[in-house]
Amino acid sequence: MRYRPQHQVRLRNILFNNPYIEVVRSTTGSDEAKWARWVELFREDATDPPERYVNELKRRFTSFDDFARAVELLRTSAFEGQSNKRWSSRFVFPFGPAALYEDLRFDASGNASNDRRFFARTGELLYLMLSRAVRSPQLGAELVRRMFQSESQMDRLVASLQGPPHLADKEKEVGYLPLASAPRFDRLCDDWLAVLSRDMPLYDGLDHLITITGLNLLLYFLEQARDAIGAEEPVELLCEIVSKQRTKVRALSIAGFQTNQGMSVRAIEALIKRFQTTPAWLEALASEDPTGNCAALVREHFQYEKDDEVPLTNMAPTELLGRLLERALNRHEQHVARIHGTWSRALGLSSRRLSRRVRYAPSDRLLKALVVTVVDDTMEYSQFLAEIYRRYGIVVGHVEGARYIESHQVDQAALMDNAAHLETRLLGLGLVRRLSDSCAFVENPFTRRGAQ
């Protein structure tokens with residue numbers, strides 16, 4: 001599948017590469033003089049010369065001050081507004097189609113190219129996952145209705161700054177996703193549909209979508225590693241609910257975090273070890289030229305084209321696989337190995353709060369997203385704990401953590417206290433209604449009944 005992403009260079013120049021607009025706005029003089037002064041100053045830095053479209057902006061805005069206020073409004077909506085990222089890697093809030101564009105890098109001549117420096121992908125793999133879910137047609141129709149066919153005032157404001165959409169010159173491939181279907185794809189799609197069905201504006205729901213999507217992608221990453229290893233136990237996230245006192249659950253949560261952190265490394269080792277037992281490898285070893293045939297097989301199977309130090313055909317088969325494993329782990333450490341730690345921290349799943357080591361300790365943001373996604377109206381508290389375990393492997397209470405109790409890693413009372421701490425947290429967030437000491441219900445305030 002191919003598509004042409006938007007670049008929206010004019011929009012990004014005006015919003016993020018334009019330090020002169022406030023200076024000009026604060027000066028005295030006629031409106032025409034302000035426009036002329038802004039063009040004169042901005043021309044030096046802009047990769048899209050402002051004289052090409054300044055007359056269009058004058059027609060769209062009644063005055064230069066109105067134009068400046070519109071820019072200020074959209075700047076305040078930008079993601080990571082205070083970051084020091086280059087201007088071409090900063091993003092406005094996704095108000096609608098006009099506000100969606102990919103990360104770019106500009107060379108000295110002003111030519112743009114796609115960049116992955118800040119991992120600012122345009123969602124290609126997420127798109128493939130959602131499109132392969134069973135309910136993907138329903139989700140597609142809902143997104144078109146809620147985002148792409150709606151008349152958003154903010155999106156029209158973005159479009160007024162950009163003018164005609166600026167598309168990339170060439171089409172690009174969406175990417176590669178090996179699985180045609182997976183339970184996690186369906187879970188992700190169902191979660192999106194659940195959030196979009198809530199009684200809240202789409203813009204308010206985006207934060208919950210971001211959080212729950214990050215959780216599902218993290219679990220997909222861990223589940224694929226588990227399958228590569230051949231482990232039978234499910235992926236679990238034993239969460240300590242932070243309280244004023246140190247709990248026995250903390251050490252177990254730290255250990256679980258470290259186990260999951262190293263799972264992708266174990267997966268790489270298992271894949272290469274399993275390769276040594278394949279008929280193709282055994283046949284190459286038994287051939288008249290084992291060194292050459294094994295090198296050709298490794299080159300084809302792993303796309304291991306060359307080694308910077310020694311030609312592949314000069315290495316013995318065992319040495320070749322050892323070198324492959326070493327280079328794979330070194331590269332993995334710089335890139336994919338960081339997914340678990342970085343994503344879990346970003347979505348509010350892990351924390352070092354009150355501890356020197358990282359463990360699973362959900363933030364209020366993640367807890368709110370779980371309630372918005374999981375609870376359709378009201379749900380008995382123990383059922384809520386069971387549901388977040390079924391969907392996401394999140395362990396809080398003693399029922400879901402039974403195997404830890406049976407293996408004497410933690411006692412039942414500690415997990416019961418942990419569940420009580422979560423109930424107290426949700427109560428403070430206004431997401432739990434307690435009818436008695438033994439009966440509590442989790443409530444979603446954004447369902448139709450809850451909103452009334």
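Predicted model: local features only at pLDDT ≥ 70, side-chain atom pairs only at ≥ 80, totals over all residues.
Let me start with helix H3, residues 31-42. Helices here are DSSP runs of H or I with at least four residues, strands are runs of E with at least two, and both are numbered from the N terminus.

Residues are numbered from 1 along each chain as its sequence is written, and side-chain values use heavy atoms, with hydrogens and water left out.

Back to H3. Which of its residues are buried? They are Lys34, Trp35, Trp38, Val39, Leu41 and Phe42. Buried means under 20% relative accessible area, exposed means over 50%, and partly exposed is in between, with a 1.4 Å probe and protein chains only. The cover over these buried residues includes helix H1 (9-16), helix H2 (21-25), helix H4 (54-60) and helix H5 (64-76).

Take valine 39 as one example. Its relative accessible area is 9%, so valine 39 counts as buried. Contact means heavy atoms within 4.5 Å. Apart from neighbours within four places in sequence, valine 39 is in contact with Pro50, Glu51 and Val54. Leucine 177 is 138 residues from valine 39 along the chain, and the C-alpha atoms of the two are separated by 46 Å.

Glutamine 8 is buried, at 1% relative accessible area. Histidine 408 also has a positive phi, near 60°, and again this is a residue other than glycine. Histidine 408 sits in the loop between helix H19 (402-406) and H20. Is histidine 408 buried or exposed? It is exposed, with a relative accessible area of 73%.

Next, a helix pair. Two packed helices are described by the angle between their axes and the distance between the axes. Axes are lines fitted to C-alpha atoms, for helices over the stretch in contact, and angles run from 0 to 180 degrees between N-to-C directions. Helix H10 (residues 202-229) packs against helix H17 (residues 364-374) at an angle of about 95°, and the axes are 9 Å apart. That makes H10 roughly perpendicular to H17. Angles under 35 degrees count as roughly parallel, over 145 as roughly antiparallel, 65 to 115 as roughly perpendicular and the rest as oblique. On the H10 side, the residues that meet H17 include Asp207, His208 and Leu215. On the H17 side, Arg365, Leu366 and Thr373 are among them.

Now the sheet. Three strands form an open sheet in the order E8-E11-E10, with antiparallel pairing. Strand E8 (378-380) and strand E10 (432-436) are at the edges with a single partner strand each, so one side of each has no neighbour in the sheet. Neighbouring strands of this sheet are turned by 25° against each other on average, direction ignored. Two strands pair if DSSP finds at least two bridges between them. E8 and strand E11 (residues 439-443) have three bridges, and four bridges join E10 to E11. Threonine 378 stands opposite glutamate 443 in E11, and arginine 433 has phenylalanine 441 in E11 as its bridge partner.

In a regular strand the side chains alternate between the two faces of the sheet. E11 has a covered face, Ala440 and Val442, and an uncovered face, Cys439, Phe441 and Glu443. Helix H20 (residues 412-428) lies across E10 and E11, at about 115° to E10.

Helix H18 (residues 381-392) holds glutamate 387. Glutamate 387 is buried, with a relative accessible area of 14%. Leaving aside neighbours within four places in sequence, glutamate 387 is in contact with Val374 and Met379.

Last, the cysteines. How many disulfides are there? A disulfide is a pair of cysteine sulfur atoms within 2.5 Å, and by this rule the count is zero. Cysteine 189 is buried at 0% relative accessible area, and cysteine 239 is buried at 1%.
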